[in-house]
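Subject: Structure handover

Hello,

Here is the structure you asked about, with the sequence alongside. My notes on what turned up follow below.

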Amino acid sequence: MAETQDGATRRDFIHVASGTMGAVGAACVAWPLIHQMNPAADTLALASTEFDLSGVEEGMTVTIVWRGKPVFVRHRTAKEIEEAAAVDVNELRDPQADSDRTTKPAMLILVGVCTHLGCVPLGQKATDPRGDWGGWFCPCHGSHYDTSGRIRKGPAPANLQVPPHEYISDTVVRIG
Amino acid sequence: MSDPNFSNSVVRWIDHRLPVFTFMHHEMHEYPTPKNLNYWWNFGSLAGIVLVILIVTGIVLAMHYTPHVDYAFQSVERIMRDVNYGWLIRYIHANGASFFFIVVYIHIFRGMYYGSYKAPRELLWILGVVILLLMMATAFMGYVLPWGQMSFWGATVITNLFSVIPIVGDWIVTLLWGGFSVDNPTLNRFFSLHFLLPFVIVGVVVLHIVALHRFGSNNPLGIDVRGKQDSIPFHPYYTIKDMFGLGVFLTIFAAVVFFLPNAMGHADNYIPANPLVTPAHIVPEWYFLPFYAILRAIPDKLMGVLAMFAAIGVLFILPWLDRSPIRSGTFRPLFKIFFWLLLADCVMLTYLGGKPPEGVYVILSRLGTLYYFFHFLILLPGLSIFETPKPLPRSISQPVLGSGAGPVTAEKENS
């Protein structure tokens with residue numbers, strides 16, 4: 001068998017070459033079998049939701065569904081906006097100014113899923129506990145969120161997520 | 001058999017406590033295999049690989065399929081249009097079923113030509129026929145799941161076959177349906193059983209392989225391995241040969257999946273099931289056609305169904321119908337001719353099963369059915385009495401190496 005100076009033979013080359021081709025082929029076959037578990041085209045087609053905010057009066061809060069998850073829309077009172085804006089950002093666990101979390105200061109739009117382990121926090125109904133900072137309170141493991149949806153106390157690592165959204169008219173918002 | 005000496009210490013540690021590596025070494029590496037196997041021997045391992053492909057794609061399809069009469073058809077269309085690569089996975093599964101039968105039918109006819117069912121391999125053969133029956137049940141129920149017109153009416157016709165059983169027939173049909181016609185309960189149980197049966201097939205395949213490894217493969221000469229000079233280790237000689245065959249098979253399979261995915265299906269099955277309208281021309285999938293032709297050839301309901309089941313049943317007793325001590329058709333001049341006639345008969349019945357039951361097709365179906373049973377029940381037992389076989393070589397090595405490689409010399413060399 002023909003051998004090169006470092007001891008490699010033609011047979012070694014064939015082993016490596018065919019093994020590599022086999023690995024490439026296996027990866028090509030594996031990808032469709034894995035990718036089929038990702039969201040299908042009809043699921044992705046439902047990825048954005050439009051909502052008319054004109055019916056949400058000051059002090060009111062509503063829950064809508066986006067991608068199968070609750071989205072909180074709260075028309076905040078002047079007092080709530082003031083409280084949220086007055087906080088020293090550097091004291092927060094997940095520092096973010098209130099003005100960075102809203103497009104219109106009065107309308108706070110949040111994904112209603114606790115950033116700890118995915119429960120839906122309380123605070124949407126008038127009778128719900130809203131936690132020590134008047135925002136939301138997660139009953140699963142006791143996370144408190146303020147009137148800007150920022151984490152203030154409890155195990156959650158981050159603020160309630162603000163979904164990507166834009167106003168397509170004065171009152172209609174498209175989420176997603 | 002020598003104990004393998006593994007260089008990896010972790011492998012040695014595990015193997016000492018759980019000898020899976022020794023087992024694999026014995027059964028897949030040094031496993032002595034006749035050195036004269038031809039390419040017809042590729043189809044056994046090929047069938048095993050196709051079974052794995054079907055199980056993997058089937059599990060994936062079950063993640064997206066909904067077994068309900070109102071959603072089944074749409075969920076299959078959703079797989080075809082919306083699920084990522086769903087079209088590819090479904091076409092591999094559907095055409096994979098057809099190719100499974102192609103591979104297994106070749107495997108069966110190879111066994112018939114070379115007498116692989118003869119002693120001591122009778123149970124190996126019978127387990128194979130059990131696998132064929134399970135495959136047929138699984139394929140039939142799988143074809144019902146898309147809930148198209150052919151699904152529905154195929155299910156109706158096949159389940160009605162059981163109504164011919166005296167006294168309890170109607171009771172059994174109702175039991176299969178879970179109602180008064182093929183409906184949602186039928187679809188649900190067919191889905192459950194279609195998921196279960198492939199794993200039962202895997203179990204019987206394991207027994208099939210255990211029985212195979214007891215005496216090893218038959219070979220084109222049909223004579224026993226007489227010593228080390230007649231066999232070679234399974235790895236690398238037959239692993240590489242099987243891999244090459246697999247490459248050729250996958251090339252053909254991929255060509256069909258990508259360019260002719262519906263060639264072996266029926267357009268009517270893209271029409272949602274309608275319990276009030278039967279399609280004008282209803283035929284089963286191609287792999288059932290010879291049996292369907294036998295069913296329709298006989299103008300009596302009970303006898304037709306019995307003949308159809310007997311066509312498979314006769315395979316169970318084949319080892320005792322063919323009493324010739326010579327295994328390989330190569331050394332049986334008359335058997336060889338009749339083997340090809342039987343194959344032609346089966347091809348003809350397949351063709352006739354797809355034709356409408358009228359005129360000359362009915363007459364040919366009857367002749368074909370008659371010949372099929374004549375071959376197994378009269379010709380094979382008779383041949384073993386009247387046929388004069390050609391002389392057998394003394395060993396597998398002898399035709400290649402000359403008389404010097406006969407068993408006597410070989411044993412001397414070994415000692």
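One definition is needed for what comes later: Ala, Val, Leu, Ile, Met, Phe, Trp, Tyr, Cys and Pro count as nonpolar, Asp, Glu, Lys and Arg as charged, and the others, Gly among them, as polar. Please also keep in mind that this is a predicted model.

Chain B overall

Chain B contains 17 helices and two strands. Its C-alpha trace spans about 75 × 60 × 45 Å along the principal axes. A compact globule of 415 residues would have a radius of gyration near 22 Å, and the 24 Å of chain B agrees with that. Of the 415 residues in chain B, 49% are buried. Among contacts in chain B with a separation of 6 or more, 78% are between residues 24 or more positions apart.

The largest nonpolar core has 97 residues, and B:Met112, B:Tyr372 and B:Phe376 have the most contacts inside it. Leaving out residues up to four places away in sequence, B:Phe376 touches B:Met112, B:Val314, B:Leu315, B:Leu318, B:Leu321, B:Leu342 and B:Pro381. A second, separate core has 14 residues, including A:Ile64, A:Trp66, A:Val173 and A:Ile175.

By class, the lining of the second largest cavity has eight nonpolar residues, one polar and no charged.

The largest cavity

The structure holds two cavities of 30 Å³ or more. In the largest cavity there is about 950 Å³ of space. Its lining is made of 43 residues, and those nearest the centre are B:His93, B:Ala94, B:Gly142, B:Tyr143 and B:His194. At least two lining residues each come from α3, α4 (72-81), α5, α6 and α9 (184-215) of chain B. Helix α5(B) gives the most, with nine residues. The lining of the largest cavity divides into 29 nonpolar, eleven polar and three charged residues.

A pocket with residues from both chains

The second largest pocket has a volume of about 980 Å³. It is lined by 29 residues, of which A:Gly25, A:Ala26, A:Val29, B:Ile53 and B:Leu250 are the closest to its centre. Two or more lining residues come from each of α1 (10-35) of chain A and α3 (43-62), α5 and α10 (234-259) of chain B. The largest share, ten residues, is from α10(B). The lining of this pocket has 23 nonpolar and six polar residues, and no charged ones.

Helix α11 of chain B, residues 289-297, is mostly covered, with eight of its nine residues buried. Among the buried ones are B:Phe291, B:Tyr292 and B:Ile294. The cover over the buried residues of α11(B) includes α5 (86-113), α6 (122-144), α12 (301-316), α14 (333-353) and α15 (360-386) of chain B.

B:Val130 is in α6 of chain B and is partly exposed, with a relative accessible area of 28%. Not counting residues up to four places away in sequence, B:Val130 touches B:Val204 and B:Phe316. B:Val130 and B:His208 lie 78 residues apart in sequence, with 9.8 Å between their C-alpha atoms.

Backbone points to check

Most residues other than glycine have a negative phi, and most peptide bonds are trans. The following depart from that pattern.

- The peptide bond from B:Ala119 to B:Pro120 is cis, with omega near 5°; B:Pro120 sits in the loop between α5 and α6 of chain B.
- B:His235 and B:Pro236 are joined by a cis peptide bond with omega about 5°, and B:Pro236 is in helix α10 of chain B.
- B:Tyr85 is not a glycine but has a positive phi of about 60°. B:Tyr85 lies in the loop between α4 and α5 of chain B and is partly exposed, at 30% relative accessible area.
- B:Trp147, also not a glycine, has a positive phi of about 60°. B:Trp147 is in the loop between α6 and α7 (149-160) of chain B and counts as buried, at 6% relative accessibility.

Regards

Definitions and conventions
Residues are numbered from 1 along each chain as its sequence is written. Chains are lettered from A and ligands numbered from 1 in the order in which they are written. This is a predicted model: local features need pLDDT of at least 70, side-chain atom pairs count only at pLDDT 80 or more; totals for chains, interfaces and linings use all residues. Side-chain values use heavy atoms; hydrogens and water are left out. Buried means under 20% relative accessible area, exposed over 50%, partly exposed in between (1.4 Å probe, protein chains only). Helices (H or I, at least four residues) and strands (E, at least two) are DSSP runs, numbered from the N terminus. Contact means heavy atoms within 4.5 Å. On a 1 Å grid over the protein atoms alone, a cavity is a set of points where a 1.4 Å probe fits but cannot get out, and a pocket is an open set with protein on both sides within 12 Å along at least five of seven lines; lining residues have an atom within 4 Å of a point. Grid points are joined across faces, edges and corners, and a volume is the space filled by probe spheres set on the points. A nonpolar core is a set of buried Ala, Val, Leu, Ile, Met, Phe, Trp, Tyr and Cys residues joined through side-chain atoms within 4.5 Å. The radius of gyration is taken over C-alpha atoms; the globule rule is 2.2 Å times the number of residues to the power 0.38.
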